[in-house]
Amino acid sequence: MVEVLRVVGAVIERDGKFLACRRRPQKAEGGKWEFPGGKVETEEAPEQALMRELAEELDLLDAQILSLVERKTTKSNGTLIDLACYRVKVSHPPRTSTDHDSMRWCTVDQLSTLDWAPADWPIVDSLISALSQSQVPHEESHHADR
Ligand SMILES: Nc1nc2c([nH]c(=O)n2[C@H]2C[C@H](O)[C@@H](COP(=O)(O)OP(=O)(O)OP(=O)(O)O)O2)c(=O)[nH]1
């Protein structure tokens, strides 16, 4: 039977930029970019798991989970990864991570240039399309002013 791994990730935005983290080389999917988070433990709610991971990994103790961005299951190296990513508000940017060797704040346009873990691509695509829909097109706002 194929194993399904339940994983949660945080989409953290500050000043219009999104935090992407690169997994340390020795980890599964080493060298790939991801949203910080981790596995959901048995009996744990996804939001609870995300709060725990953000505290453990990034020392973020006051994270606020806002809404689900996307949840998708993707096959990666023989494992099904059920990844749910949430918008998360933080009061200060994380400085270091126990699980990552690089952290980068990306504009929407930069997001699609990173080498994301396979399970993250559907999330990144949904995020980009949600953000582009939430922007009022320049032409429309121009006409509305008349
Ligand atoms: N955290 C996280 N993991 C992801 C993402 N995309 C993706 O494929 N994964 C995979 C990599 C791992 O196989 C698994 C999560 O592992 P992890 O190493 O982050 O989780 P953890 O902290 O609970 O685990 P551990 O190192 O304590 O064993 O999900 C993502 O965006 N965030």
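Threonine 107 is partly exposed, with a relative accessible area of 27%, where buried means under 20%, exposed over 50% and partly exposed in between, using a 1.4 Å probe and protein chains only. The model is a predicted one, in which local features need pLDDT of at least 70 and side-chain atom pairs count only at pLDDT 80 or more, while totals for chains, interfaces and linings use all residues. Residues are numbered from 1 along each chain as its sequence is written, and side-chain values use heavy atoms, with hydrogens and water left out.

Threonine 107 sits in the loop between β7 (100-106) and α2; helices (H or I, at least four residues) and strands (E, at least two) are DSSP runs numbered from the N terminus. Leaving aside residues up to four places away in sequence, threonine 107 touches Gly16 and Lys17, a contact being heavy atoms within 4.5 Å. Threonine 107 and glutamate 13 are 94 residues apart in sequence, with 9.6 Å between their C-alpha atoms.

A search of the whole structure finds one aromatic pair, formed by phenylalanine 35 and tryptophan 116, which is tilted, with 4.7 Å centre to centre and 35° between the planes. Rings of Phe, Tyr and Trp (its six-membered ring) pair if their centres lie within 6.5 Å, and planes under 30 degrees apart count as stacked, over 60 as edge-to-face and the rest as tilted. Both phenylalanine 35 and tryptophan 116 are buried.

Turning to charged side chains, the count comes to 11 salt bridges, each a side-chain nitrogen of Lys or Arg within 4 Å of a carboxyl oxygen of Asp or Glu. Arginine 52 forms one with glutamate 41, the closest N and O atoms being 3.9 Å apart, and this pair links helix α1 (residues 46-58) to the loop between β4 and α1. Arginine 52 counts as buried at 19% relative accessibility, whereas glutamate 41 counts as partly exposed at 47%. Arginine 52 also forms a salt bridge with glutamate 53, at 3.2 Å between the closest N and O atoms, and glutamate 53 is buried, with a relative accessible area of 11%. Through shared partners, salt bridges join Glu41, Glu44, Arg52, Glu53 and Glu56 into one network.
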